[in-house]
Amino acid sequence: MYISWSFVLLSLCTYLLQSCTGQIKSKGQSLSERVQQLTEMNLKRSVLRFNGAKFREFVKTTPRNYSVVVMFTAMSPTRQCSICRHANEEFIIVANSFRYSQIYSNKLFFAMVDFDEGSDVFQLLRLNTAPIFIHFPAKGKPKNSDTFDIQRVGFAAEAIAKWIGERTDVQIRVFRPPNYSGTMALVMLFALVAGFLYLRRNNLDFLYNKNLWGVTAVLFCFAMVSGQMWNHIRSPPFVHRSQSGGVAYIHGSSQGQFVLETYIVIILNGAIVLGMIMMTDAASRKSGDVRVRQIITVVGLAIVAVFFSVILSIFRSKAHGYPYSFLFK
């Protein structure tokens, strides 16, 4: 009877030990298994999509011999994160540039955690805004410098790649996918102009119209002064999230700008030119009611003063330390 109970107790202990060992093996993976699984997932997509469980398994679990750059975002339209989509596009460009470069290795991985899929991760890291880029090094915990400073340098692919190079010594050369939309638009414009000239080949007097060439020259100046060429070269984001959690339409530095900012500058310059035209036309017109001409002159002067003050205020906000202002500071 004593032997039977001892045998039962020994069998029960063996069963429990095997069960616990099996649960540990099923729950945790070795480092080589995790690296192999990450590599296989990375072959399918350059930016890995993690939920809370995968984040804890591949990013928080130690030991690690690889670094992970994680973008914490909120891509759902209900979250009203207007810049998350633009940040995601720039992040994918960096990941693809690394994935298809000669320096690619399994020592660096790119991942993203969406709030709707990993809200527990946001709570774990005490994150209350998006997008945020954090580098999780192979050894140790992330430092303050392992969090990308979006407010200072923006989230362009080149800026992200430079930050990653500083944190991991992996220098990524950014390769942007070719964009033929501008070329196609230019070809279509030339085709329309050529077709219009062909249809009006017997009546080309409009080419000698001074107003037409004046408007064309002014529009060209608007495009160049507003920074459209800079946008074409640097591909900045449309808008940006401010430190207060809102949306910034004007870049805080003279070294950068947003796409929407160029449109604002065009509108302000257009309003200033409109005011100047009103004053010039009212002063040069010799016919008509004098009272009406005076009103038009005053309205034009007010438009120039107000909108010039606004654009000067924008310049002051970008060029820190500029001492002059007009109506607004």
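1. Let me start with the cysteines: Cys81 and Cys84 are both buried. They form a disulfide, with the sulfur atoms 1.8 Å apart. The link between Cys81 and Cys84 is right-handed, with 80° about the S-S bond. The structure holds one disulfide, and as a reminder, a disulfide is a covalent bond between the sulfur atoms of two cysteines. Please keep in mind throughout that this is a predicted model.

2. Another cysteine to look at is Cys221. Its relative accessibility is 43%, so Cys221 counts as partly exposed.

3. Now to the aromatic residues. A search of the whole structure finds 13 aromatic pairs. In one of them, the ring centres of Phe50 and Phe58 are 5.7 Å apart and the planes stand at 20°, so this pair is stacked. Phe50 and Phe58 are each buried.

4. Tyr66 and Phe109 make an edge-to-face aromatic pair, with 5.6 Å from centre to centre and 85° between the planes. This pair links distant parts of the chain, as Tyr66 lies in the loop between α3 (52-60) and β2 (67-73) while Phe109 belongs to strand β3 (residues 108-114), 43 residues apart. Tyr66 and Phe109 are both buried.

5. Ring pairs link Phe91, Phe98, Tyr104, Phe110, Phe133, Phe148 and Trp163. One of its members, Tyr104, has the charged end of Arg99 over its ring, 4.8 Å from the centre. The charged end of Arg99 also sits over the ring of Tyr100, at 5.3 Å from the ring centre.

6. Across from Phe133 in β4 stands Met71.

7. Next, the annotation. The unreviewed UniProt entry gives "transmembrane region" for residues 180-199, 211-230, 263-283 and 295-315. How do two of these spans look in the model? Residues 211-230 are 95% helix and 0% strand, with the end C-alpha atoms 28 Å apart. Residues 263-283 are 100% helix and 0% strand, and here the end C-alpha atoms lie 30 Å apart.

8. The C-alpha atoms of Ile303 and Ile272 are separated by 6.6 Å, although the two residues are 31 residues apart along the chain.

How values were computed:
Residues numbered from 1 in each chain as written. Predicted model: local features only at pLDDT ≥ 70, side-chain atom pairs only at ≥ 80, totals over all residues. Heavy atoms only, no water. Phe/Tyr/Trp six-rings, centres within 6.5 Å; stacked < 30°, edge-to-face > 60°. Buried < 20%, exposed > 50% of the residue type's maximum accessible area, 1.4 Å probe, protein only. Helix = DSSP H or I, 4+ residues; strand = E, 2+ residues; numbered from the N terminus. Lys NZ or Arg CZ within 6 Å of the ring centre and 35° of its normal. UniProt positions renumbered as here; feature names shortened; annotations may be inferred. Pairing = 2+ DSSP bridges. Disulfide = S-S within 2.5 Å.
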